Amino acid sequence: MTDGKATVGRTAGLFLGAAVLRLALFTLFPGLPDLLTGRVEISTPVTSFKRLQEGLFLYNHNVSPYEGGVYHQAPLLLPLFSLLPNFATYPIFTYLLYIAVDLLSAHALLKIADSGEAGSSTLFTSPRRDKRWSGFVVAALFLFNPFTVATCIGRPTSVFTTCAILHAIANAIAGQSIAAIIALTFASYLSLYPLLLLPPLLLLAYDRRRFRRKTPFVFFVLRLGFLSSVLMILLGMSSILIDHTWEFLPSTYGVQLTLQDLTPNVGLWWYFFVEMFDSFRSFFLAVFWLHLASYVGGLTIRIRRQPLAVLTLLLGIFAIFKPYPSISDTSLFLGLVPLFRHVFPLMRYTFLVTAIIIYASFLGPAFYHLWIYAGSGNANFFYAITLVWGLGLSLLVCDLTFAVLRDEWEVERPEMVGKEIRQI
């Protein structure tokens with residue numbers, strides 16, 4: 001089921017339509033970008049465009065951007081945005097930058113979909129592999145996803161992380177392991193958590209490599225060394241940029257590791273640590289990070305034959321359990337889910353998941369308004385709806401995991417095809 005195949009003309013039309021939609025929202029509704037930038041569902045302390053503007057102001061006035069304790073993002077973003085004309089006078093250039101990043105992300109996703117890796121990997125071929133959507137359809141679903149559009153208009157820096165992760169996966173599938181490592185390193189430099197994607201990404205790159213001269217151990221050690229080198233170069237450039245100091249490390253990665261900023265978001269950490277006694281804080285920080293990292297090894301080993309499925313599931317888990325999640329992380333996960341169209345018939349809770357996500361999407365802003373603006377609610381209102389949001393995404397991750405494993409199981413035991421099973 002590959003109708004809607006991408007041609008150059010159709011792809012150009014798709015990208016043009018997505019760009020026009022975003023540009024129209026930027027220009028016809030001039031108050032919308034600032035409104036969305038202030039939404040906690042879109043902006044977090046480590047991705048906020050407003051905080052980036054504050055850091056950029058300090059940077060342009062030869063003051064350390066980390067002086068005020070507001071800016072928590074990567075230093076190398078500052079020279080990038082300082083090259084653009086003044087946002088207050090010429091905002092169109094910033095708008096075009098974010099639109100271009102969205103289109104680059106969609107292009108990488110299109111290449112991932114057209115590769116057919118989701119249904120037919122090096123070590124596993126699904127009997128349902130022909131029931132898939134083309135790259136054109138997958139890219140269209142990503143570009144016109146309301147979460148993706150809202151993220152672009154809200155201008156968080158998480159869009160750069162999304163773009164880097166998708167290009168890392170696309171390059172790994174293309175057998176270009178060095179380019180994949182560079183993209184993943186850049187994503188990790190910006191947001192830290194993509195480092196956890198390294199094991200399944202290396203397996204994907206190893207399976208798709210063009211020359212099989214190296215053993216797996218040598219391949220992984222060399223790529224790990226290369227990642228470390230690139231990361232050190234990025235950190236060294238950052239240190240030079242900030243007057244040869246390393247003060248940016250605690251202000252960027254330290255904030256994420258220790259959750260120093262408890263600004264509300266759609267995640268599960270902030271309210272828990274607001275109520276946490278200081279004497280238990282370090283222990284539960286370790287528990288939460290261990291919980292987040294524990295999925296990597298288990299999924300990578302259990303679904304070894306489908307590294308792309310592991311990457312997709314991990315991104316879904318990160319969208320729920322990382323310290324500062326936003327709808328940008330959800331849009332990335334939902335952008336990869338259509339790659340597994342062939343296992344949709346095996347999923348059991350599609351309607352329930354859809355209903356919960358829509359329900360939480362509408363009630364989340366309403367409950368936040370009742371808490372912050374109307375004063376007729378409290379933090380429990382908003383945190384309760386974020387729990388519902390997390391429940392919906394968790395069901396989707398579990399359901400997709402079940403479908404992928406069931407697909408593998410039916411290949412191993414053809415006599416069980418179509419038969420009902422019970423989980424005990």
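In helix α6, the residues Gly135, Phe136, Val138, Ala139, Ala140, Phe142 and Leu143 are buried, where buried means under 20% relative accessible area, exposed means over 50%, and partly exposed lies in between, with a 1.4 Å probe and protein chains only. The model is predicted, so local features need a pLDDT of at least 70 and side-chain atom pairs count only at pLDDT 80 or more, while totals for chains, interfaces and linings use all residues. Residues are numbered from 1 along each chain as its sequence is written, and side-chain values use heavy atoms, with hydrogens and water left out.

Because 7 of the 9 residues of α6 are buried, this helix is largely enclosed by the rest of the structure. The cover over its buried residues includes α1 (8-28), α5 (92-115), α7, α8 (158-173) and α16, and contact here means heavy atoms within 4.5 Å.

Along the principal axes, the C-alpha trace spans about 65 × 55 × 55 Å. Of the 424 residues, 54% count as buried, and among contacts with a separation of 6 or more, 73% are made by residues 24 or more positions apart. The accessible surface comes to about 18700 Å², and 68% of that surface belongs to carbon and sulfur atoms; such areas come from the Shrake-Rupley method with a 1.4 Å probe, and for residues only the protein chains shown count as cover.

We can now turn to the empty spaces. Rolling a probe the size of a water molecule over the atoms shows where empty space is left. On a 1 Å grid over the protein atoms alone, a cavity is a set of points where a 1.4 Å probe fits but cannot get out, whereas a pocket is an open set with protein on both sides within 12 Å along at least five of seven lines, and lining residues have an atom within 4 Å of a point. Grid points are joined across faces, edges and corners, and a volume is the space filled by probe spheres set on the points.

The largest pocket holds about 940 Å³ of space. It is lined by 38 residues, of which Asn145, Phe147, Leu334, Ile357 and Ser361 are the closest to its centre. Two or more lining residues come from each of α2 (32-37), α6 (135-143), α7 (146-154), α16 (327-336), α17 (350-374) and α18 (379-412), and α17 gives the most, with 10 residues. By class, this lining divides into 28 nonpolar, 8 polar and 2 charged residues, where Ala, Val, Leu, Ile, Met, Phe, Trp, Tyr, Cys and Pro count as nonpolar, Asp, Glu, Lys and Arg as charged, and the others, Gly among them, as polar.

Of the 14 residues lining the largest cavity, Thr47, Ser158, Ser191, Tyr193 and Lys322 are the closest to its centre. The lining of the largest cavity divides into 4 nonpolar, 8 polar and 2 charged residues, and α8 contributes the most to it, with 3 residues. The second largest cavity contains about 80 Å³ of space, and its lining has 6 nonpolar, 3 polar and 3 charged residues.

Finally, some single residues deserve a look. Arginine 51 lies in helix α3 (residues 49-60) and, at 19% relative accessibility, counts as buried. Glycine 418, in the segment after α18, is exposed, with a relative accessible area of 70%. Most residues other than glycine have a negative phi. Asparagine 62, however, has a positive phi of about 55°; this asparagine 62 is found in the loop between α3 and α4 (77-82). Histidine 244 likewise has a positive phi of about 55°, and its place is in the loop between α11 (216-241) and α12 (248-258).

Terms used
Helix = DSSP H or I, 4+ residues; strand = E, 2+ residues; numbered from the N terminus.
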